[in-house]
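Open the model in your viewer and keep the selection panel at hand. The stops below say what to select and what is there.

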Amino acid sequence: MSVTDPAIIARQARLSTLAKAPAARLCALFAAYAPDLPAHDVLRAPEIGTVMLRGRAGAVGAPFNLGEMTVTRCAVRLSSGVVGHGHVQGRDKAAALTAALIDALCEDGRGAAIEVAILTPLRAEAEALKQARATRAAATKVEFFTMVRGDNA
């Protein structure tokens, strides 16, 4: 089943960005955006758990369990009644609460401002890190080739 609703796709992308962001950077950007926390109720206090990571050999083979990763999740409700969810890698409860608040604020109509202040910088930093990692990996690439001798071809 594929999701085609733009609002759902945007929320998935937002939650993915928040989940992968470095905790300290996420909290710093949010503190700069909203120095005072918005009025909210904690529906699910930040809790630490694990999720199973799955992989595929060569990205196309049969799926297999790669291992577990520690995550922290949280859910909040703003005074307007909008609910936000946050999942982050690792054991940082403040980052999970921050991610949930960002999700709730985006769902409450402040998505454009948060996109500019928080999400765009996080995505740019993640892309720069990905490019740097690819550059380092490319520097170690070894080219193998085969030469055919004689009429064995």
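Predicted model: local features only at pLDDT ≥ 70, side-chain atom pairs only at ≥ 80, totals over all residues.

Select helix α2, residues 23–33, and show the side chains of L26, L29 and F30, which are buried. Buried stands for under 20% relative accessible area and exposed for over 50%, with partly exposed in between (1.4 Å probe, protein chains only). Helices (H or I, at least four residues) and strands (E, at least two) are DSSP runs, numbered from the N terminus.

Residues are numbered from 1 along each chain as its sequence is written, and side-chain values use heavy atoms, with hydrogens and water left out.

Contact here means heavy atoms within 4.5 Å. Centre on F30: beyond its neighbours within four places in sequence, F30 is in contact with L37, P38, T98, L101, I102, L105 and I118.

Now select L18, L26, F30, I102, I114, I118 and L122, the residues with the most contacts inside the largest nonpolar core, which has 23 residues. Such a core is a set of buried Ala, Val, Leu, Ile, Met, Phe, Trp, Tyr and Cys residues joined through side-chain atoms within 4.5 Å. Two or more residues of this core come from each of α2, β2 (63–78) and α3, and α3 gives the most, with 13 residues.

Move on to T17, in helix α1. T17 counts as buried because its relative accessibility is 13%. Leaving out residues up to four places away in sequence, T17 touches L119, L122 and R123.

What lies nearest the centre of the largest pocket? Select T17, K20, A21, L122 and A126, which belong to a lining of 13 residues. A pocket is an open set of points on a 1 Å grid over the protein atoms alone, where a 1.4 Å probe fits, with protein on both sides within 12 Å along at least five of seven lines; lining residues have an atom within 4 Å of a point. Finally, colour α3 (93–138), the source of the largest share of this lining, seven residues.
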